[in-house]
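Please read these numbered points with the structure open beside you, and check each one against the model as you go.

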Amino acid sequence: LPEVPDESQQTQAWVRSLPASSFLIQHGSVATYEKAVEVKKSVPAQGQAKIVAAYRAGEPLAHFVIVSGPFDTLGKAYESIKRREATKNSWVRATRTLQDQLNGPNRSKEVRP
């Protein structure tokens, strides 16, 4: 299986298309796509959430972020957390911060002996 399944690559394109000034609710972050699907299914209120492959600085493999939204204001994102059955670990994040984590690590093309 590829590290980043096609479904997650499609959601990366969705995140790239969002206004950078919008907000998302992050419900969790896990190491594998399969685990992200499992976590998403465990909370019915997250049925519309999306799973996005993202990269942390210095880490070569993606982690998988479960998000819902977007919301055009911070206030609307927080209202949504209050209305939904969000997990205790759900939090609001700026869309821009996730957009900044979509590109994988830059691998040098230099070949060393």
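1. Four strands, in the order β2-β3-β1-β4, form an open sheet with antiparallel pairing; strands here are DSSP runs of E with at least two residues, and helices are runs of H or I with at least four residues, both numbered from the N terminus. Two strands count as paired if DSSP finds at least two bridges between them. The edge strands, each pairing on one side only, are β2 (50–54) and β4 (91–94). On average, neighbouring strands of this sheet are turned by 45° against each other, direction ignored.

2. The model is predicted, with local features needing pLDDT of at least 70 and side-chain atom pairs counting only at pLDDT 80 or more, while totals for chains, interfaces and linings use all residues. Residues are numbered from 1 along each chain as its sequence is written, and side-chain values use heavy atoms, with hydrogens and water left out.

3. Between β2 and β3 the antiparallel pairing runs over 5 bridges, and A54 has H63 in β3 as its bridge partner. Helix α1 packs on the sheet, where it touches β1 (23–30), β2 and β3, and its direction makes about 90° with that of β2. Helix α2 (residues 33–41) lies across β1, β2 and β3 and runs at about 45° to β3. These angles lie between N-to-C directions on a scale from 0 to 180 degrees, with axes fitted as lines to C-alpha atoms, for helices over the stretch in contact.

4. The largest nonpolar core has 11 residues, among them V4, Y33, I51, A53 and F64. Such a core is a set of buried Ala, Val, Leu, Ile, Met, Phe, Trp, Tyr and Cys residues joined through side-chain atoms within 4.5 Å. Two or more residues of this core come from each of α2, β2 and β3. A second, separate core of 10 residues includes V15, L18, A54 and L98.

5. S17, found in helix α1 (residues 6–17), is exposed, with a relative accessible area of 55%.

Notes:
Buried < 20%, exposed > 50% of the residue type's maximum accessible area, 1.4 Å probe, protein only. Contact = heavy atoms within 4.5 Å.
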